[in-house]
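This report describes how one protein chain is packed, from its overall make-up to selected contacts. The sequence and the structure are shown first, and the description follows.

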Amino acid sequence: MVSSTTETVVSAPSPAPLANKLDSDVLSTDFGILPIPKRLRYDPGKPFHFGLLLNLSFGFASTFTVANLYYCQPLLIEFSKSFGVSYNEISQIPTLVQAGYAIGLLLITPLGDLVRRRQIVLLLVFVSTTLTIGLGITPNLRVFEALCFLIGIVTVTPQILMPLAADLATPERRASAISVVLSGLMLGILIARVLAGVIGNFNSWRIVYFMAIGVQCLVIVGAYLILPDYPAKNRDLTYFKILYTMGKYAVTEPLVIQTALINIASSACFTSYWVTLTFLFGGPPYYYSTLDIGLFGFVGMFGVLAGPFVGRLIDNLVPWYATLVATFLLIVFQSVQVGAGGINVAAVVISCFGLDVARQMQQVSLSTAVFNISTTARARLNAILILSLFIGQVIGTSVGTEVFVRYGWRACALLLLALYAFQLGMLILRGPHCPRYHWFGWAGGFEARKSVVEARQREKDSPSVTVTNGPMDESHPLPEKMEDDLVRHIESGDAANAV
């Protein structure tokens, strides 16, 4: 068979260097001392099967690690009594936790593109568990605050697991895999507040942290027994180069910037909704107790549990269209809140459930689209997205509270509706198939089915890269990992080491 002139023919690498490369990919121990179960060791010839059990374990780990950030919020009054200080002093604790979390997002999360994810997950959960022991036993407020700050830094396990889920899942199941991890993360936020509020209402607040120690120990054991080892993706980069390229993605990629702006507005809406819901239920016409308000979080949990089903829908669509549907639904359900949120509790229940489901759909579809930019930079891309969500949380808490206190529930609801309209406007600036480096436009058509778009792309790219091992009529497609390495070396000008 005669090779097409459009083909790039790459000869097979010599056996010795390839064998050395594969040997370096395969580890038998964690940290040089803990044996990795044989079934979890990386085997380039036998990819891991990312099944439901493994996906659910990622979600479970996300739930009970991110909860560390939110246990303190319903317990501030109890902290004040226990440490004998004013409410003003104790109010610094959530701020310290969130400040630590922001530092962890910026400095630790990008490591997912540099080191082996199994080891960093085990280390992070071990450190957070050890620090939580201190929270449960210390009688000193300053020590407690310092430990809260440190726990915030290391509570980034879900942000390591989400890009790993995207790497392990097949392309046709990627959105579903991400949605399960995201559902676990959001469930952790809600469960932490409900459990801490209920336990703190009937028992010592320290019991909350003893419980947290127990569930984190389960996460460590589960991660050791279930989490597969996976090789580092960017051995040619240093830590500071990773941080530099993350900053570069944040200012040069139109899709990343568009997504970050939507995330900021969306997160501000979500946070403001839940913060001001406490004020709404505490006053007329509801006058609910603190316990009743805390238990209302279960309504949000039902919305979160619908996330994996939403992920399956996203798997069949071009991500842009899934984001469009989600943003439209956010506008619809927020309109319900604007119309009757302060009049009838049924309107709050409907808006609460609908907003949770639609927001998950929006976030999963946006993450799926951004992760497609680069398979070797997913941890850095995810760090940018989560930092944008964090910024939105800060804005939503302060602005939402201020508007509610000054102008009432309907004005606050109208502000959130305007922010959802802003998200829709940001989305339609770039069409579903807008070229990667175009800031605006609708080039590429309107096809919504992902399978059709991928089939067209395969047909277009099929002759582009082949690898030969012997005669020209025995050519084979270049594997995805080798293709990533090839592209990276070519971009850096290192053509000699392209394979």
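## Overall make-up

Of the 499 residues of the protein chain, 52% count as buried, where buried means under 20% relative accessible area, exposed means over 50% and partly exposed covers what lies in between, with a 1.4 Å probe and protein chains only. The model is a predicted one, in which local features need pLDDT of at least 70 and side-chain atom pairs count only at pLDDT 80 or more, while totals for chains, interfaces and linings use all residues. Residues are numbered from 1 along each chain as its sequence is written, and side-chain values use heavy atoms, with hydrogens and water left out.

The secondary structure of the protein chain comes to 21 helices and 5 strands, taken as DSSP runs numbered from the N terminus, with helices (H or I) of at least four residues and strands (E) of at least two. Among the contacts in the protein chain with a separation of 6 or more, 81% are between residues 24 or more positions apart, a contact being heavy atoms within 4.5 Å.

## Nonpolar cores

The largest nonpolar core has 108 residues, and those with the most contacts inside it are F58, Y71, F79, F144 and Y209; such a core is a set of buried Ala, Val, Leu, Ile, Met, Phe, Trp, Tyr and Cys residues joined through side-chain atoms within 4.5 Å. Helix α9 (residues 174-202) gives the most to this core, with 15 residues. When residues up to four places away in sequence are not counted, F58 touches F50, L161, L164, A165, L168, V181 and L227. A second, separate core of 12 residues includes V256, V370, L381 and A383.

## Aromatic pairs

A search of the whole structure finds 21 aromatic pairs, for which rings of Phe, Tyr and Trp (its six-membered ring) must have centres within 6.5 Å, and planes under 30 degrees apart count as stacked, over 60 as edge-to-face and the rest as tilted. The rings of Y101 and F390 have centres 6.3 Å apart and planes at 65 degrees, so this pair is edge-to-face. Because Y101 lies in helix α5 (residues 92-107) and F390 in helix α18 (residues 378-407), the pair ties together parts that are 289 residues apart in sequence. Y101 counts as buried at 6% relative accessibility, and F390 is buried as well, with a relative accessible area of 15%.

The rings of Y286 and Y288, with centres 5.5 Å apart and planes at 50 degrees, form a tilted pair; Y286 counts as buried at 11% relative accessibility, whereas Y288 counts as partly exposed at 30%. Elsewhere, ring pairs link Y71, F79, F83, F144, W205 and Y209 into a cluster.

## Helix α14 against helix α17

The axes of helix α14 (residues 297-305) and helix α17 (residues 345-371) come within 8 Å and cross at roughly 35 degrees; axes are lines fitted to C-alpha atoms, for helices over the stretch in contact, and angles run from 0 to 180 degrees between N-to-C directions. In this contact V299, G300, F302, G303 and V304 of α14 meet V349, C352, F353, D356, V357 and Q360 of α17.

## The surroundings of T323

T323 lies in helix α16 (residues 319-340) and is buried, with a relative accessible area of 2%. Leaving aside residues up to four places away in sequence, T323 touches Q362, S365, L366 and L427. The C-alpha atoms of T323 and S365 are separated by 5.7 Å, although these residues are 42 residues apart along the chain.
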